Amino acid sequence: MSTRELSAGNRAATATEIAVTGVCVALTFIATGFVNIRLPIAANGGLVHLGNVPLFLAAIIFGKRTGALSGAFGMALFDLMGGWVLWAPFTFVVAGLMGWTVGAVTEKRTGFGWNAAAIAAACVIKIAGYYIAEGIIYGNWVTPVLSIPGNLVQIGVAAVLVLPIAGALRRAVRRQEGRACTRS
């Protein structure tokens, strides 16, 4: 049984799923922390990073549970360790919802169009979630508008990188899982 099938049901996670999810969390954390640019355009700073790439790939390949955990823990850990501590609870929720949504959309529907739709839904969640977070944190509901372009760039770059390779990676993982099942 694949990790995707396990995450779709209410079964307990296997050791393989836990290991895969741990690697996905780590990849999301690393891509968020080490491949990023601070934006001078947002009033309160801002950050564009590539953490959404492993997050979206994890969700598309392994499903909503792995996607949610990768986003929530990978990106919130970066916030805690990268000087964005105030943002960590918001990131945990927003990035977790993004991963869950991408995984939920693509678990039963595959293909470029569904992957693109899932990433578009994640973009809406990111913009709305961080708009609300910034409004709460800074007590200003106008200034968060300045963060929207950075969020769009972040998701746009991730989409350009993820969409061409997600289908191929998903098929490769399925073939590998099939081989592993026939050997056992």
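Which element gives the largest share of the nonpolar patch? Hold on to that one for a moment, everyone, and thanks for having me. Please keep in mind that we are looking at a predicted model today.

So, the answer: helix α4 gives the largest share, with 5 residues.

Let's pick one member and look at it on the screen. M81 belongs to helix α4. Is M81 buried or exposed? Its relative accessibility is 65%, and the cut-off for exposed is over 50%, so M81 counts as exposed.

Now let's turn to the aromatic rings. How many aromatic pairs does a search of the whole structure find? The search gives 4, and I'll walk you through two of them.

The pair I'd like to show you to begin with is W87 with Y130, a tilted one, with 6.1 Å from centre to centre and 45° between the planes. Where do these two residues sit? W87 is in the loop between α4 (64–81) and α5 (88–108), while Y130 is in helix α6 (residues 112–138), so this pair ties together parts that are 43 residues apart in sequence. Buried means under 20% relative accessible area, so W87, at 11%, counts as buried. Y130 is buried too, with a relative accessible area of 13%.

The other pair is Y131 with W141, again tilted, at 6.0 Å centre to centre and 45° between the planes. Here Y131 comes from helix α6 and W141 from the loop between α6 and α7 (148–183), and the two are 10 residues apart. What about their accessibility? Y131, at 24% relative accessibility, counts as partly exposed. W141 is partly exposed as well, and its relative accessible area is 46%.

Which residues do ring pairs link into a cluster? They are W87, Y130 and Y138.

R109 lies over the face of W114, at 5.2 Å from the ring centre.

Methods: Residues numbered from 1 in each chain as written. Predicted model: local features only at pLDDT ≥ 70, side-chain atom pairs only at ≥ 80, totals over all residues. Heavy atoms only, no water. Phe/Tyr/Trp six-rings, centres within 6.5 Å; stacked < 30°, edge-to-face > 60°. Helix = DSSP H or I, 4+ residues; strand = E, 2+ residues; numbered from the N terminus. Buried < 20%, exposed > 50% of the residue type's maximum accessible area, 1.4 Å probe, protein only. Lys NZ or Arg CZ within 6 Å of the ring centre and 35° of its normal.
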